[in-house]
Amino acid sequence: MFVHHNVDLAPVTAFGIHAIAESYVEVDSVDKLREAVAWARTNGVDFHVLGGGSNILVSGNVHGLVIRACLLERSSAVEGDVVTIRCGAGEEWHSVVTWTVEHDWGGLENLALIPGTVGAAPLQNIGAYGIEQSSCFVELEALDVLSGATIIITKDECNFGYRESIFKHEYCNRMIITSVTYRLSTNPTVHATYRDVVDELVARGCTQPHVKDIFDSVVAIRSRKLPDPNVIGNAGSFFKNPIVDGQTFARLHEENPTLASYPQPDGTYKLAAAWMIDQCGWKGHREGDAGVHDKQALVLVNHGNATGQQILDLSTRIQQSVQERFGVALEREINVW
Ligand SMILES: Cc1cc2nc3c(=O)[nH]c(=O)nc-3n(C[C@H](O)[C@H](O)[C@H](O)COP(=O)(O)OP(=O)(O)OC[C@H]3O[C@@H](n4cnc5c(N)ncnc54)[C@H](O)[C@@H]3O)c2cc1C
């Protein structure tokens with residue numbers, strides 16, 4: 001295990017913000033992961049786990065040890081029409097989805113082209129186009145840094161919710177995910193209910209979509225709509241879509257008849273944060289190199305040399321203006337270091 005010092009995190013994070021990690025190591029096995037955690041303990045410093053860096057805003061230089069989880073492993077077992085796959089935390093998410101679609105295994109196709117690694121996917125229960133990774137999730141293996149043991153954590157224990165899991169709360173900084181197991185199907189029911197996906201399928205003349213059709217449609221939509229971090233630094237949606245009760249929704253809807261919203265099964269309403277941010281006039285706004293994307297108001301961008309603090313300050317001002325105008329609190333989706 002080779003620990004580097006004073007490493008610029010810009011090349012390994014999607015925001016591309018220049019910030020220095022005091023110490024940095026890449027590990028490709030559970031043993032090396034244990035060694036890295038022990039190194040941090042021996043040196044009396046904190047550690048921070050990094051996957052693909054696509055959901056992190058580094059707000060300043062990072063003290064302690066950044067551990068990049070590069071554990072690579074893929075296996076599959078087919079029994080009847082049930083397919084069980086197990087992937088190492090360092091596997092690239094989209095590459096895994098592509099692999100499943102190539103085998104015609106259904107379940108993850110709506111989650112194509114989400115940047116990042118398998119190990120981070122359960123953390124915020126990644127989701128897109130009507131599906132969350134929890135719908136196929138079976139269990140994961142994690143290193144419990146308190147006991148040093150690798151343990152299995154089942155779906156029920158993960159407390160998955162909208163961009164939520166136990167790994168953002170009780171297990172934050174305690175469990176390092178080393179592999180994840182998903183259950184897929186050779187005979188799946190595809191999910192083509194989301195407006196964009198339906199429109200794309202219609203445009204392609206596809207009336208009976210299969211797994212590959214959904215995958216191709218999602219890839220096409222995302223390629224058109226979402227800014228590529230290789231072109232402009234960003235971490236996808238900066239804020240969650242807020243969820244409000246029926247009474248709040250009724251008030252907001254009366255005041256704003258065009259407010260985009262999605263009714264939830266429990267009677268609450270998910271509101272489109274992008275719409276509210278746009279209404280407050282932020283879309284395309286730029287302060288130096290920190291800005292809001294000109295086509296997608298939910299995405300904050302680094303035009304080149306923004307600092308993490310500038311992006312963070314901009315996000316706070318956006319939260320304040322949405323609160324003042326709509327009385328709704330926006331919660332950050334991304335992780336701030
Ligand atoms: C252009 C773009 C589009 C996006 N679209 C979507 C979308 O549609 N839906 C969606 O849900 N997300 C989306 N995201 C966000 C992002 O892709 C996901 O959150 C992804 O899961 C992050 O993976 P990562 O490996 O890059 O995690 P990182 O950014 O490296 O880490 C994120 C968090 O997970 C922790 N972590 C990482 N690996 C581990 C591990 N092995 N064990 C424990 N903790 C770990 C980190 O400490 C950090 O707190 C998008 C991002 C971008 C840039």
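Q: Great, let's start here: how many salt bridges are there between domain 2 and domain 3?
A: The count is two. Bear in mind that this is a predicted model.

Q: Which residues does Lys240 or its partner bring to a salt bridge?
A: Lys240 and Glu164 meet there through their side chains, with 2.8 Å from N to O.

Q: And how many residue pairs are in polar contact across that interface?
A: Three residue pairs, with both residues at pLDDT 80 or more. On the side of domain 2 that touches domain 3, the classes are three charged, two nonpolar and one polar residue.

Q: Let me step back a bit. Where do the domains run in the chain?
A: The domain assignment places domain 1 at 4-69, domain 2 at 74-185 and domain 3 at 233-336. The contact between domain 2 and domain 3 takes six residues from domain 2 and seven from domain 3.

Q: What separates the centres of domain 2 and domain 3?
A: Taken over C-alpha atoms, 27 Å.

Q: How much area is buried between domain 2 and domain 3?
A: About 540 Å², and carbon and sulfur atoms give 41% of that. In domain 2, the residues that lose the most area to domain 3 are Tyr162, Arg163 and Lys168, which together make up 73% of what that side buries.

Q: Changing topic: which residues come nearest to the ligand?
A: Those are Val49, Gly52, Ser54, Pro115 and Thr117, out of 32 residues around the ligand.

Q: Last one: how much of the ligand does the protein bury?
A: The protein buries 93% of the 970 Å² that the ligand exposes when taken alone.

How values were computed:
Residues numbered from 1 in each chain as written. Predicted model: local features only at pLDDT ≥ 70, side-chain atom pairs only at ≥ 80, totals over all residues. Heavy atoms only, no water. Domains from an automatic or database assignment. Contact = heavy atoms within 4.5 Å. Buried area = accessible area lost by both parts, 1.4 Å probe. Salt bridge = Lys/Arg side-chain N within 4 Å of Asp/Glu carboxyl O. Polar contact = N/O pair within 3.5 Å; in protein donor to acceptor, adjacent residues only side chain to side chain. Nonpolar A, V, L, I, M, F, W, Y, C, P; charged D, E, K, R; others polar. Near = heavy atom within 4 Å. Areas by Shrake-Rupley, 256 points an atom, 1.4 Å probe, with all protein chains shown as cover.
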